[in-house]
Amino acid sequence: MIIPIFVPHEGCPNDCAFCNQRTISGKSNAPGICEARNIIEEYLSGGKVAEQIAFFGGSFTGIDVNKQNEYLSIAEEYIKKGFVKSIRLSTRPDYIDRETVERLKSYGVKNIELGAQSMDEEVLLLAKRGHSASDVEKAAEVINESGCVLGLQMMTGLPGDTEEKCMYTARRFKELGAKETRIYPTVVLRGTYLETMLEKGEYVPQTVEEAVSVSAKLYRYFKENNIEILRIGLPDGDDLRKNYIAGAYHPSLGEMVISRDIRNRIEECVKGNNVKILVNPNYLSKFNGNKRCNIEYFSKKGIKITVEKDSAVGDFVIL
């Protein structure tokens, strides 16, 4: 169990073209210190133990240092009591240095995620990120040297982005030593600069199909290189649905990406028109795909798939 504490736009130096953290997190304001404690207590009710307390939604290390330390001190209390193992936080690449990381570690921070979004300079510029790929490289080096676990978050479908640039970003994440990642296909939200670009005809949003296609390739690359994928797509919620305008939003996007990866892997191996596949029951829904889209896909290609459940296989095995 991870206890999430959202600090939307806290410490963020500018609004990126795509960003509306209040909509994404469902929170308008960062919690006060007492509210943060109450959130933790609620999750730990009944004697539960959590893996981590996580500060999400903003640029944590851009918050006033005293407020950072207040948040961290509360989290540290629960680590010392044995109710929580460590702390996770997310921040901007240009808001990390050695002194900051050492301070974070002293409170029990183990995982630091950076909102890199892309390693292509043109994409970063058009997205109004306010930092460069070089900033990501420097921050990654500092985090790796500290012994903390490096997470690098990326987006697909930003202005100026392409599948080739997405795969380049993934390769750079590996080279920079990332152990974790999140893949966020771009969604156009109300109140963002992307909305203005869309209205002016300056931006063509990524479709769900395009996002699934490229994200499945990213998913396979990260899996093959032992980079843990923490999330695919924005978390669903009323605020997101109410403020969605265009782009790659789907409540089951993550499962759709995994299903597409399975389809791609099967297609690479299938020989002949009749195929028998052993599938772990836990993977059956992902194997079939959303509304059995994988089964229908192969059926339209004249390939009959016979599925047999087998708990002994990892995910699936083609016989």
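Predicted model: local features only at pLDDT ≥ 70, side-chain atom pairs only at ≥ 80, totals over all residues.

Me: Why is Lys 128 called partly exposed?

Reply: The relative accessibility of Lys 128 is 37%. Buried needs under 20% and exposed needs over 50%. The value falls in between, so Lys 128 counts as partly exposed.

Me: What about Asn 226: where is it, and is it buried or exposed?

Reply: Asn 226 is in the loop between helix 9 (208-224) and strand 8. Its phi is positive too, about 60 degrees, and it is not a glycine. The relative accessible area of Asn 226 is 67%. The cut-off for exposed is over 50%, so Asn 226 is exposed.

Me: How do you know that strand 5 is mostly covered?

Reply: Count the buried residues. In strand 5, eight of its eight residues are buried.

Me: Which residues of strand 5 lie on each side?

Reply: On one side are Val 149, Gly 151, Gln 153 and Met 155. On the other are Leu 150, Leu 152, Met 154 and Thr 156. They are all buried, and both faces are covered. In a regular strand the side chains alternate between the two faces of the sheet.

Me: How do you know that strand 5 pairs with strand 6?

Reply: Pairing takes at least two bridges. Strand 5 (residues 149-156) and strand 6 have six bridges, so they pair, and the sense is parallel. Gly 151 stands opposite Glu 180 in strand 6, and the bridge partner of Leu 152 there is Thr 181.

Me: How does the chain get from strand 5 to strand 6?

Reply: Through helix 7 (residues 163-175). This β-α-β crossover is right-handed.

Me: Which strand does strand 4 join, and over how many bridges?

Reply: Strand 4 (residues 109-117) is joined to strand 5 by six bridges, and the two run parallel. Gln 117 has Met 154 as its bridge partner in strand 5.

Me: And what makes strand 6 and strand 8 a pair?

Reply: They share four bridges; at least two are needed, so strand 6 and strand 8 (residues 228-232) pair, in the parallel sense. Arg 182 stands opposite Arg 231 in strand 8.

Me: Which residues touch the most other members in the largest nonpolar core?

Reply: Of its 72 residues, they include Ile 53, Phe 55, Ile 112, Leu 152 and Phe 287. Not counting residues up to four places away in sequence, Phe 287 touches Ile 262, Val 279, Asn 294 and Phe 316, among others. A second, separate core of 19 residues includes Leu 189, Leu 234, Ala 246 and Tyr 249.

Me: How many cavities count, and what lines the largest?

Reply: One cavity reaches 30 Å³ or more.

Terms used
Residues numbered from 1 in each chain as written. Heavy atoms only, no water. Right-handed = clockwise from strand over helix to strand, strands pointing away. Buried < 20%, exposed > 50% of the residue type's maximum accessible area, 1.4 Å probe, protein only. Core = buried A, V, L, I, M, F, W, Y, C linked by side-chain atoms within 4.5 Å. Contact = heavy atoms within 4.5 Å. 1 Å grid on protein atoms, 1.4 Å probe; cavity = no way out; pocket = protein on both sides within 12 Å on 5 of 7 lines; lining within 4 Å. Points joined across faces, edges and corners; volume = space filled by probe spheres on them.
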